[in-house]
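Here is a short briefing for a first look at this chain. Start with the overall picture, then go through the details by topic.

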Amino acid sequence: MPKLLFMTGSLRSESSSRAVAQALIARVGDRATCETADIASLPHYNSDITDDTAVAALIDQVGAADGVVFVTPEYNYGIPGVLKNAIDWASRPAFESVFKLKPCFIVTTSAGAAGGVRAQGHLKQVLNGMMALPHPGKEILVPFAVKKVENGTFQDDDILAFAGAQLDEFLAGLD
């Protein structure tokens, strides 16, 4: 059974990105083992730090996963700094990190109409720089995401069906 690591780009417990990630985890069901990364506990990237337990745990999680699923909001036309920080930690050593040839699936959220399309491109560029393998399927964009969360649960059946179909393709490629 494939193992997926979900990494959200928001630290807020009630964020729309977390709600989307939880909805996708529920949709995966027993077809994969799913866990989430805790990127809030990471220090700011500093190559002088060589023995941080939170960093080691993240690197172990990424390394053990068959695929990484990113669900992130768009901040100022890009990915949030906290997500970039986590990726920077796990991207070492350069070109030989746990992200090398790691299949990745990207979902972006936005409070606006664009659904995080610029963050989607930004994240793909970052992943390509580490030799990760962004899923080549259709882009999953969640516009007006904050309006689609009720009591912590993401409520948009059309987006979940579309994202779920793409995630099914991603999972099939992990076999």
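Of the 175 residues in the chain, 49% are buried. The model is a predicted one. The chain has five helices and eight strands. Its radius of gyration is 15 Å, close to the 16 Å of the globule rule for 175 residues, so the chain is as compact as a globular protein of that length.

**Overall build**

- Along the sequence, the elements follow the pattern β-α-β-α-β-α-β-α-β-β-β-β-α.
- A box of roughly 45 × 35 × 25 Å, taken along the principal axes, holds the C-alpha atoms.
- Take the contacts with a separation of 6 or more: 78% of them join residues 24 or more positions apart.

**Surface and charge**

- The chain has an accessible surface of about 8400 Å². Carbon and sulfur atoms supply 51% of that area.
- There are 14 positive and 20 negative charges. Their mean positions lie 5 Å apart.

- How many residues of β3 are buried? The strand covers residues 67–73, and seven of its seven residues are buried.
- In a regular strand, side chains alternate between the two faces of the sheet.
- In β3, G67, V69, V71 and P73 point one way. V68, F70 and T72 point the other way. Both sets are buried.
- Strand β1, residues 3–8, pairs with β3 in the parallel sense over five bridges. Here L5 stands opposite V68 of β3.
- Strand β4, residues 103–109, also runs parallel to β3, and six bridges join the two. Here T72 stands opposite T108 of β4.

**G164 in helix α5**

- G164 sits in helix α5, which spans residues 157–174.
- Is G164 buried or exposed? Its relative accessible area is 0%, so G164 is buried, the cut-off being under 20%.
- Not counting residues up to four places away in sequence, G164 touches L24 and R27.
- G164 and P73 are 91 residues apart in sequence. In space, their C-alpha atoms are 18 Å apart.

**H135 in a loop**

- H135 belongs to the loop between β5 (133–134) and β6 (140–142).
- H135 has a relative accessible area of 17% and is therefore buried, since that value falls under 20%.
- Which residues does H135 contact, leaving aside its neighbours within four places in sequence? They are C104, F105, Q166, E169 and F170.

**Backbone details in loops**

- R92 and P93 are joined by a cis peptide bond, with omega about 0°. P93 lies in the loop between α3 (81–90) and β4.
- M131 is a residue other than glycine with a positive phi, near 70°. Its place is the loop between α4 (117–129) and β5. At a relative accessible area of 33%, M131 is partly exposed.
- N151 is not a glycine either, and its phi is also positive, near 55°. N151 is in the loop between β7 (149–150) and β8 (153–154).
- Why does N151 count as exposed? Its relative accessibility is 82%, and exposed means over 50%.

Terms used:
Residues are numbered from 1 along each chain as its sequence is written. This is a predicted model: local features need pLDDT of at least 70, side-chain atom pairs count only at pLDDT 80 or more; totals for chains, interfaces and linings use all residues. Side-chain values use heavy atoms; hydrogens and water are left out. Helices (H or I, at least four residues) and strands (E, at least two) are DSSP runs, numbered from the N terminus. The radius of gyration is taken over C-alpha atoms; the globule rule is 2.2 Å times the number of residues to the power 0.38. Buried means under 20% relative accessible area, exposed over 50%, partly exposed in between (1.4 Å probe, protein chains only). Contact means heavy atoms within 4.5 Å. Accessible areas come from the Shrake-Rupley method with a 1.4 Å probe; for residues, only the protein chains shown count as cover. Lys and Arg count as positive and Asp and Glu as negative; His and the chain ends are not counted. The place of a charge is taken as NZ of Lys, CZ of Arg, CG of Asp or CD of Glu. Two strands pair if DSSP finds at least two bridges between them.
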